[in-house]
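Colleague: I would like to understand the terms used for a model of this kind, and what each one rests on. Could we go through them one by one?

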Amino acid sequence: MTPASPRPLPVPTPETKHFWDGTALGELRLQRCRDCETTYFPPQPHCPRCARGDVEVVRASGRGFLYSYVISHLAAPGFEAPYVIGVVELDEGPRLLTNIVEVAPDADRLPLDLPVEAVFRTVGDVALPLFRPRNP
Amino acid sequence: MTRGSAVAIVGAAESAEIGTVSLSSLGLAAGAARRALADCGLAPADVDGVAMSGLNPYLPTLLAHSLGIEAGWIDATMVGGCSNLVHLRHAVAAIRQGQSEVVLIAHGESGRSHIGGAAFRPTPDSWQGQFELPFGTVGPMTLLTLGALRFLRDRGLDRRALADVVVAQRGWAAHNPRALRRDPVTVAQVLEAPPVAYPFTRPMCCVTTDAGGALVVTSAERARDLPRPPVYVLGSGEATGAAMASQMPDLTSSDAFRRAGAGAFADAGIGPSDIEHAMLYDATAILPLMALEDLGFVASGDSGGFVADGHTAVGGRLPVNTNGGGLNYTHSGMYGMYALQESVRQLRGEAAAQVAGLRTSLTHAIGGMFQAAATAVLSTEPG
């Protein structure tokens, strides 16, 4: 029996369930407004741009680039410092906060605009979308 | 839109002690409130409005009960570190409309010792709990810093620009006997200090203190009968930002800063070039750089050079964070009250590092992780 991870884990709400159901299947799911064609994140049942409710769930490519980041040296439950907290801008437009993994936590290895791709790491009952460098 | 009648800060005080203080958060606030009332020669019975906020929703009630105030106007607006600036703005409106005559705004926070106050942590089903906390975010030092590398890269700057902010403000802190960090530092020393969240080192992140502060606000008419020089609220602005730092439309510029600042200048009827002194909330060293640009003191991209050239330092043309700032002086978690206190001291001519002949001062504060902002334009003249 493995001990429970002390890493803080998300608890989905009805509005975000499709996102976390998607990560469990290895999919990154965004939403798109059929009225104004905005693709958006975080998940909610109406468009954050025009507030209309005719929205659909879309599967994102999982590809993007490293928009900005910090290398945290702080003690965080479930993390071994230093670790990289990054903001990834997805090819579809929205940005999300994540960890950049499979690369040394070293600024020389992490130039801004670095191409990245999603990898899904299962922790407890949930799969977290993390990102690793990819060949452009 | 017509400007209303003038409203002034007539009493101001910080808690008797800061740093490590053997008092609860409420005790720090109530102590500062008593000192602010004594400062302007008023008694609790003169106060008819109370404003205070933190994680307890009933703080105005606790403050009023503690001091024997029977309040008929309440503001518990809680939008993080800029809340006390929002309270000031709301108090000005209330006094102009006759809803209150004398408002007491208080803040107290056992930010270091954690006596008698709740700690904020987003629940795991909130947006932050789902989309930020699982990735190891640890509050301000990992969230207020998130866009800094992009900010620097876009401007052709590097980490030295963050260190320049620390060095400039340490020069002010050297004159403030209450400041926690007072020793002179060099850019090299700041860069070589222990990392907190790259590109930030420890001196680029604020101190943590127990502290309190309070303001007494009333009409210019009432201020005439009171002993201290009135500090007039020429204008103010408040704004919401993105719900999460990672979802800001542009992580190198705060839309909340821009709208709060523009609102305050429009309200005051003056512009950035009329401001002689500025307090720019600095939980981390990137915030004053962003505020200098977003409030229009310099063009976008010019903040790093402006600080490096010494314009915000002792002897500079726009003295910034003259108490040493949150980086060096005090930061209990919500810093806005202490920024306001220094603007008031400077305009009264009683600051530890006094700048001669000031007529205008701007205070700007952030709430949460860029989730809100507020700006106040203060003056020795009613406008």
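Modeller: Let us begin with contact: two residues are in contact if their C-beta atoms, placed from the backbone, lie within 7 Å. This is a predicted model, in which local features need pLDDT of at least 70 and side-chain atom pairs count only at pLDDT 80 or more, while totals for chains, interfaces and linings use all residues. Residues are numbered from 1 along each chain as its sequence is written, and chains are lettered from A and ligands numbered from 1 in the order in which they are written.

Colleague: How many residues of chain A are in contact with chain B, and which elements of chain A give two or more residues to that side?

Modeller: By that definition, 29 residues of chain A are in contact with 28 residues of chain B. The elements in question are β4 (63-72), β5 (83-90) and β6 (95-99) of chain A, and the largest share, 6 residues, comes from β4(A). Such elements are DSSP runs numbered from the N terminus, a helix being H or I over at least four residues and a strand being E over at least two.

Colleague: What classes of residue make up the side of chain A that touches chain B?

Modeller: That side has 20 nonpolar, 7 polar and 2 charged residues, where Ala, Val, Leu, Ile, Met, Phe, Trp, Tyr, Cys and Pro count as nonpolar, Asp, Glu, Lys and Arg as charged, and the others, Gly among them, as polar.

Colleague: How do you know that β4(A) and strand β5 of chain B pair?

Modeller: Two strands pair if DSSP finds at least two bridges between them; β4(A) and β5 (residues 195-198) of chain B have 2 bridges, in the antiparallel sense, and so they pair. In β5(B), the bridge partner of A:S72 is B:A197.

Colleague: Why is chain A called as compact as a globular protein of its length?

Modeller: The radius of gyration, taken over C-alpha atoms, is set against the globule rule, which is 2.2 Å times the number of residues to the power 0.38. For the 136 residues of chain A the rule gives 14 Å, and the radius of gyration is 16 Å, which is close to it, so the chain is as compact as a globular protein of that length. Its C-alpha trace spans about 45 × 40 × 25 Å along the principal axes, and its secondary structure comes to 1 helix and 8 strands.

Colleague: What makes A:D113 exposed or buried, and what about B:F370?

Modeller: A residue is buried if 20 or more other C-beta atoms lie within 10 Å of its own, exposed if 12 or fewer, and partly exposed in between. A:D113 has 12 such neighbours and therefore counts as exposed, whereas B:F370 has 28 and therefore counts as buried. A:D113, in the loop between β6 and β7 (115-123) of chain A, has a positive phi of about 75° although it is not a glycine. B:F370, which is also not a glycine, has a positive phi near 70° and is found in the loop between β10 and β11 of chain B.

Colleague: Why are β3 and β9 of chain B said to stand at the edges?

Modeller: The open sheet has 9 strands in the order β3-β2-β4-β7-β1-β8-β11-β10-β9 (chain B), with mixed pairing. β3 (73-75) and β9 (278-280) each have a single partner strand, so one side of each is left without a neighbour in the sheet. Within this sheet, β8 (residues 231-240) and β11 (residues 372-379) of chain B pair in the antiparallel sense over 8 bridges, and B:T240 has B:A372 as its bridge partner in β11(B).

Colleague: What is the angle between α3(B) and α14(B), and why does it get the name it has?

Modeller: Helix α3 (residues 83-97) and helix α14 (residues 336-348) of chain B pack at about 60°, with their axes 7 Å apart. Angles under 35 degrees count as roughly parallel, over 145 as roughly antiparallel, 65 to 115 as roughly perpendicular and the rest as oblique, so α3(B) is oblique to α14(B). The axes are lines fitted to C-alpha atoms, for helices over the stretch in contact, and angles run from 0 to 180 degrees between N-to-C directions. Where the helices meet, B:S83, B:N84, B:L85 and B:L88 of α3(B) face B:G336, B:M337 and B:L340 of α14(B); these divide into 4 nonpolar, 3 polar and no charged residues.
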